[in-house]
Amino acid sequence: MDSRFSGLSADDDLSALVSEAARAANAHNTQPWVVDPQGDELVLRRDGTRTLGASDPRGRDTMLSFGAFVESLLICAASAGVGLRFEAATGGDAETDEVGRFSRHPEGYRTRFSSADVRGRRVWRGRWRDGAPGPDLLQEAAVEAERRGFRLVSMPTRDARPILVRANRWFFGERAIVAELDQWTRLSPRHPRYDEDGLNDAMLVLSTVERAGLRTLISPRVFRALRGVGLPGLLARMSASATQGSGAVLGVVGPTGARHELAAGRLLTRLWLGFQRHGLYVHPQSAPLDCPETRAVLDERWNVARDEQLVAWFRVGIPASDPTARVASPRRSGG
């Protein structure tokens with residue numbers, strides 16, 4: 001079963017809400033979730049064929065994706081007047097790969113967001129105008145993070161740019177990571193899964209020339225030939241738009257562990273939807289957290305303790321063009 005579920009009674013048919021919730025942010029648009037009915041509960045499981053390997057070495061992005069899905073489903077259910085609650089799995093089930101369970105709850109989930117916010121959510125990977133969140137909005141986000149056991153940290157984009165370039169140079173220098181990127185990119189409408197999953201050219205905001213260039217450069221044959229003569233650096237510079245112009249890069253610091261990463265994914269969804277209501281969009285970046293060198297730099301800058309981790313790093317600002325004019329990222333049928 002994909003990110004939908006069936007076989008429930010008419011009173012409990014929540015498949016439309018699951019399809020709405022599948023608009024949740026997730027790394028490489030792999031959509032790693034499976035939702036199955038079990039008695040009067042909905043079981044959220046991991047689809048091992050849709051989780052990242054080299055690109056997500058510690059499994060952090062996978063758990064963030066599940067957290068985003070959980071928060072999105074609770075928001076959509078509340079918007080529809082359906083009371084749901086979620087309970088995370090205590091230790092994970094090796095046989096079923098269970099992440100947690102949704103069950104009916106008479107009070108429902110309290111949230112200021114709606115299913116319209118979830119459906120309208122966008123990540124912006126294109127060019128940016130100058131501008132950053134105001135101090136009041138940042139304070140509001142910081143309070144929300146603290147309330148959930150995390151802390152929000154920030155730096156100007158001018159300080160973040162060299163860190164991102166360095167991290168991306170590492171990212172594009174790793175053969176397994178680039179192979180995984182090649183696996184999940186859909187740079188031509190002729191790709192058989194262009195409208196289903198992965199990162200297509202519209203999501204990446206690529207021109208025709210950029211699309212052709214990227215498709216060529218990350219192909220296995222070309223990458224092997226050019227890896228040792230500056231290709232990682234070229235790709236790193238091409239991917240640095242997230243820190244161009246003035247603005248802010250934010251990070252979320254919190255406890256280590258999968259359950260905390262799940263909670264961080266829920267928090268990020270609330271933060272990003274809140275920013276979007278103010279006309280601000282985000283561009284998450286994982287490479288600075290996975291590259292050992294840049295992670296150490298960020299840990300020192302933001303005083304990340306030994307029992308903490310920097311769980312997310314993202315640009316927030318004003319897109320140079322209208323993100324809503326672009327087609328939403330593709331999702332699998334039924335979700």
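Because the model is predicted, local features need pLDDT of at least 70 and side-chain atom pairs count only at pLDDT 80 or more, while totals for chains, interfaces and linings use all residues. Residues are numbered from 1 along each chain as its sequence is written, and side-chain values use heavy atoms, with hydrogens and water left out.

In soluble globular proteins, nonpolar side chains tend to be buried together. A nonpolar core is here a set of buried Ala, Val, Leu, Ile, Met, Phe, Trp, Tyr and Cys residues joined through side-chain atoms within 4.5 Å, where buried means under 20% relative accessible area, exposed over 50% and partly exposed in between, with a 1.4 Å probe and protein chains only. The largest such core has 30 residues, of which Leu44, Phe69, Leu73, Phe86 and Phe102 touch the most other members. Among the elements that give two or more residues to this core are helix 1 (15-21), strand 2 (41-46), strand 4 (98-104) and helix 10 (258-277), and helix 2 gives the most, with 10 residues; helices (H or I, at least four residues) and strands (E, at least two) are DSSP runs numbered from the N terminus. Leaving aside neighbours within four places in sequence, Phe69 is in contact with residues including Val18, Trp33, Leu44 and Phe102, contact meaning heavy atoms within 4.5 Å. Apart from this core lies another, of 22 residues, among them Ala248, Phe275, Val282 and Val316.

Helix 6 (residues 175-184) has Ile177, Val178, Glu180, Leu181 and Trp184 as buried residues. They cover an arc of only 160 degrees around the axis, which puts them on the same side of helix 6; the arc is that of the directions from the helix axis to the C-beta atoms. What covers these buried residues includes helix 5 (157-173) and helix 8 (220-226). Glu180 is buried yet has no salt bridge, the nearest side chain of opposite charge, Arg60, being 11 Å away; in this count Lys and Arg are positive and Asp and Glu negative, with His and the chain ends not counted. Not counting residues up to four places away in sequence, Glu180 touches Leu52, Gly53, Ala54 and Ser55.

Most residues other than glycine have a negative phi, and most peptide bonds are trans. Gln31, however, has a positive phi near 55 degrees, and this residue is found in the loop between helix 1 and strand 1, buried at 0% relative accessibility. Val205 likewise has a positive phi of about 55 degrees, in the loop between strand 8 and helix 7 (208-217).

A salt bridge is a side-chain nitrogen of Lys or Arg within 4 Å of a carboxyl oxygen of Asp or Glu, and by this rule the count comes to 22. Glu196 forms one with Arg50, the closest N and O atoms being 3.4 Å apart. Glu196 lies in the loop between strand 7 and strand 8 and Arg50 in the loop between strand 2 and helix 2, so the pair ties together parts that are 146 residues apart in sequence. Glu196 is partly exposed, with a relative accessible area of 28%, whereas Arg50 is buried, at 9%. The side chains of Arg186 and Asp197 meet in a salt bridge of 2.9 Å, N to O, and both residues are buried.
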